[in-house]
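Hi,

Here is the structure I promised to pass on. Have a look first, and my notes on what turned up follow below.

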Amino acid sequence: MKKEYCFDTRVIHEGGSRDNWEGATLPPIFQTASHAHPTAESLSQAFAGQGDDHVYMRLSNPTNKFLEEKLASLESGRGAVVTGSGMAAINNACMTLLRSGDELVAGRSLFMSTSFLFTSLFKKYGITAHLVDPLDLTGFARAITEKTRFLYVETIGNPAMDIPDITALARLAHDNGLPLLVDNTLASPWLFRPIEFGADVVIHSTTKYLSGHGAAMGGVVIDGGRFDWTQERFPDFAPFVEKKGELAFLDRMWREHHINFGTPQAPFHSFLTLLGLDTLALRMERHMENAIKVAGFLRDHPKVAWVNYPGLEDHPCFEMASAQFKGKGFGSMLTFGLKDQAACFSMIDNLKIVRHVANLGDCKSLVIHPYSTQFLSHDEAEKKRLNISPGMIRLSVGIENWEDICYDIDQALQVDVSTNGDVSTNVDALIGDGSTLHGDGSMKPPPEDTEEKVQ
Ligand SMILES: *Cc1c(COP(=O)(O)O)cnc(C)c1O
């Protein structure tokens with residue numbers, strides 16, 4: 001009987017051919033813009049799209065290809081294309097499906113640049129994005145029209161921390177002859193594989209958990225290979241279906257958008273991502289454990305007004321996340337509330353190990369004050385609608401010792417000049433043995449105007 005290796009083994013050993021590696025145990029970096037061909041016939045065939053030969057780095061590269069085959073397999077997809085950034089991946093996947101006059105329906109909890117892409121840039125090209133509550137299926141259903149080309153959600157909304165039901169959304173999409181696209185960046189395939197739940201296309205910013213060290217930038221689009229592109233909403237897919245069958249979407253994306261918009265990945269970044277992937281399972285395990293403990297610590301901290309983390313039992317998405325992520329965890333991002341912006345700035349300025357950066361999914365713990373950074377240019381009403389309040393901190397919990405993370409946050413909160421210094425915390429008591437997790441139902445609710453979001 002053939003033994004199926006489990007994910008934690010496959011993440012290290014899976015990938016494409018190692019034939020030209022000379023026995024190297026790490027993937028060689030093919031640092032070359034172009035590839036010489038032995039005969040005129042061979043290059044002509046490559047241009048005709050026959051065979052697997054590489055031609056030019058903007059089209060393909062052996063190091064990138066190894067990463068593509070690994071990621072396609074890890075996400076239970078049939079093929080993948082890596083790109084220079086997560087945004088390039090999102091842009092490529094969406095633009096392959098859209099023409100002027102088309103529409104898309106997306107869960108409102110979107111990565112900031114994705115939100116800008118959908119609502120501002122696409123609008124310039126006559127494309128309408130309907131943004132709806134990611135937890136409200138009927139909202140999605142109501143927004144679908146005959147011009148809709150796809151549904152789009154993020155596995156874990158950022159920074160809303162809401163978790164949509166992928167199975168139900170896939171069913172709704174397919175009932176309407178539409179594909180479901182999922183940005184799975186915040187979960188990683190270790191925690192969740194959307195294609196196994198019915199999604200058709202999965203996108204990652206590999207900059208985050210997949211590379212894991214804040215060193216590489218990249219993105220990937222993975223094709224589940226199951227969507228029927230001969231359906232009436234996609235008449236312009238016929239030639240690609242004819243040529244590439246189940247990989248019609250990926251082939252079209254690669255041929256039209258990846259190559260001609262020029263969104264290739266640099267092979268050195270693929271190499272760094274591959275190096276990071278070797279420890280994905282270990283890192284994710286520790287991320288999940290740490291996040292739940294840090295969330296429990298913050299929930300009980302006297303200077304913390306509220307904590308938004310799906311791993312706390314009274315979080316509105318706790319049940320959904322437990323079922324969908326099969327008890328493996330709840331992601332390692334959370335938000336929490338302090339008194340006001342001054343309290344947030346003071347805390348950030350006084351942190352010693354938790355770093356203050358615009359990134360997430362790094363092995364280091366990272367914080368940011370979304371109100372004054374990523375959402376700076378959003379008007380007040382929009383920030384209110386997205387629950388971005390002046391007292392909100394976003395924390396990406398790293399893989400350090402979790403008590404050290406708590407101590408660092410606690411000492412940074414103690415020097416908060418905006419309070420009268422009348423609150424003293426027994427940090428040891430708060431940390432306890434970490435067993436107060438999963439809540440006793442005492443999670444402080446988010447402030448009033450955030451309730452609509454996380455109902
Ligand atoms: C970071 C991020 C992106 C964009 O990825 P880049 O690699 O920064 O271009 C897209 N989606 C999510 C959920 C992200 O966190």
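The phi of Ser188 is near 70°, a positive value in a residue other than glycine. Another one to look at is the peptide bond from Asn158 to Pro159, which is cis with omega near 5°. Pro159 sits in the loop between strand S4 (148–154) and H7. For context, most residues other than glycine have a negative phi, and most peptide bonds are trans.

Before you go further: this is a predicted model, where local features need pLDDT of at least 70 and side-chain atom pairs count only at pLDDT 80 or more, while totals for chains, interfaces and linings use all residues. Residues are numbered from 1 along each chain as its sequence is written, and side-chain values use heavy atoms, with hydrogens and water left out.

Now the overall picture. The protein chain has 17 helices and twelve strands, and its C-alpha trace spans about 80 × 55 × 45 Å along the principal axes. It is split into domain 1 (7–47 + 56–277) and domain 2 (282–444), with bounds from an automatic or database domain assignment. Their C-alpha centres lie 30 Å apart.

How do the two domains meet? The contact (heavy atoms within 4.5 Å) takes 32 residues from domain 1 and 37 residues from domain 2. Together they bury about 2900 Å², 65% of it on carbon and sulfur atoms; that is the accessible area (1.4 Å probe) lost on putting the two parts together, summed over both. On the domain 1 side, Met161, Trp190 and Tyr209 lose the most area to domain 2, together 27% of what that side buries.

The largest share of the domain 1 side, three residues, comes from H8.

Elsewhere, the whole structure holds 14 salt bridges. One of them joins the side chains of Asp236 and Arg99 (3.9 Å, N to O). Asp236 lies in the loop between strand S7 (219–223) and helix H9 (238–244) and Arg99 in the loop between helix H4 (86–97) and strand S2 (103–107), so the pair ties together parts 137 residues apart in sequence.

Cheers

Methods: Helix = DSSP H or I, 4+ residues; strand = E, 2+ residues; numbered from the N terminus. Salt bridge = Lys/Arg side-chain N within 4 Å of Asp/Glu carboxyl O.
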